[in-house]
Amino acid sequence: MRVLITGAGLIGSHVAAELSSRGDEVTFFDVVAKPDYIRHVTGKDLPLIRGDICDLAALMDAFLTVKPECVIHLAASVGESNIPNVYGGFQVNLVATLNVAEAVRLAGVRRLVHASTQAVYQDADPGELLREDSPVDGRGRVYNASKLACEHVLRTFAAKQAFELVMLRFAGVYGYRAVAGGPGVAVQEAVWAAMAGEEAVLNAYETVDFVYVKDLADGIARAVHTAPLSHDVYNLGSGALTTLEDVEAALHAIFPDIRLRRGTLTPKRPQMDISRARDELGYAPEYKLEAGLRDYIAELNRE
């Protein structure tokens, strides 16, 4: 299958590696992609078209060149801290997503896979499971609201224009070097500090659903290839709730001499229910937290 991926960072590069291993033809569309990073993750020099998702004409040129059967839309400003102003945040995360949907329509792409997030869910008791039909809310944040708005807009757009749509709500992702925002940043920074022999400060969530990027990439690849799809939204998480104590225990197991202290803590977030993705996509995360961190460290060591 010919697949075009917007965004060649952490998730995009690992999805490309997974799809390439299945025999798919993958092309990236990204304005600031790093070929060395892509090569490290995928082991290949995959085609890369440089362009901005805010530029509909550039998107259309790419779509007409590649002629993708499926588009995976990952490019976005991730996390509230990476959005300098309200207007710019909505331009990149909402208006540019509309550009992608329009390019999908005009180019006759069969399926659009859109990256959503666990951040669309409203605040809930940490003991609850977040299911795809749980209440959603932008919670007064540009990132959350833009991702929630994308879901509403894309669902309407796909219904009117008759292309297949699947929206994947990601848990907090961690993995090789390119975590751009969200809860994975704290884990990444702690690993880097420990490897450098420095004190690691955990500015982290008290509880959160973490998923290793290789598991997430497998779930996205399954959403690309599963047909027919019974639903248009799926949670992709780890299948477990990670506590701050779990993170500390994993780091101590890997780095027995680590100097570790708690910094600024974010209130508890609930676990995502991944039973729909398990049942309908065959999604089965393999990496527990310590195993994921060890694999991540192995990736750093082979640089």
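What do the buried residues of helix 4 pack against? That was my starting point, in what is a predicted model.

**Helix 4, packing.** I listed the buried residues of helix 4 and got G89, N93, A96, T97, N99, V100, A101, A103 and V104. I then looked up their neighbours: they pack against helix 3 (56-66), strand 4 (70-73), strand 5 (111-117) and helix 5 (142-161).

**Helix 4, length.** I checked the span next. Helix 4 covers residues 86-107, and at 1.5 Å a residue its 22 residues should span 32 Å; I find the end C-alpha atoms 31 Å apart, so the two agree. I also noted a kink of about 30 degrees, centred on V92.

**Helix 4, ends.** At the start, I see a side-chain oxygen of N85 reaching to within 3.3 Å of the backbone nitrogen of Y87. Past the other end comes G108, and I note that its phi is positive, near 70 degrees.

**Strand 4.** Which way do they point from strand 4? C70 and I72 go one way, V71 and H73 the other, and all are buried.

**Strand 4, partners.** I looked at strand 1 (residues 2-6) and found it running parallel to strand 4, with 4 bridges joining them. Within that pairing, T6 has H73 as its bridge partner in strand 4. Strand 5 also runs parallel to strand 4, again joined by 4 bridges. There I picked out V71, whose bridge partner in strand 5 is L112.

Terms used
Residues numbered from 1 in each chain as written. Predicted model: local features only at pLDDT ≥ 70, side-chain atom pairs only at ≥ 80, totals over all residues. Heavy atoms only, no water. Helix = DSSP H or I, 4+ residues; strand = E, 2+ residues; numbered from the N terminus. Expected span 1.5 Å × (residues − 1). Bend = angle between axes of the 7 residues up to and from the residue. Buried < 20%, exposed > 50% of the residue type's maximum accessible area, 1.4 Å probe, protein only. Contact = heavy atoms within 4.5 Å. Polar contact = N/O pair within 3.5 Å; in protein donor to acceptor, adjacent residues only side chain to side chain. Pairing = 2+ DSSP bridges.
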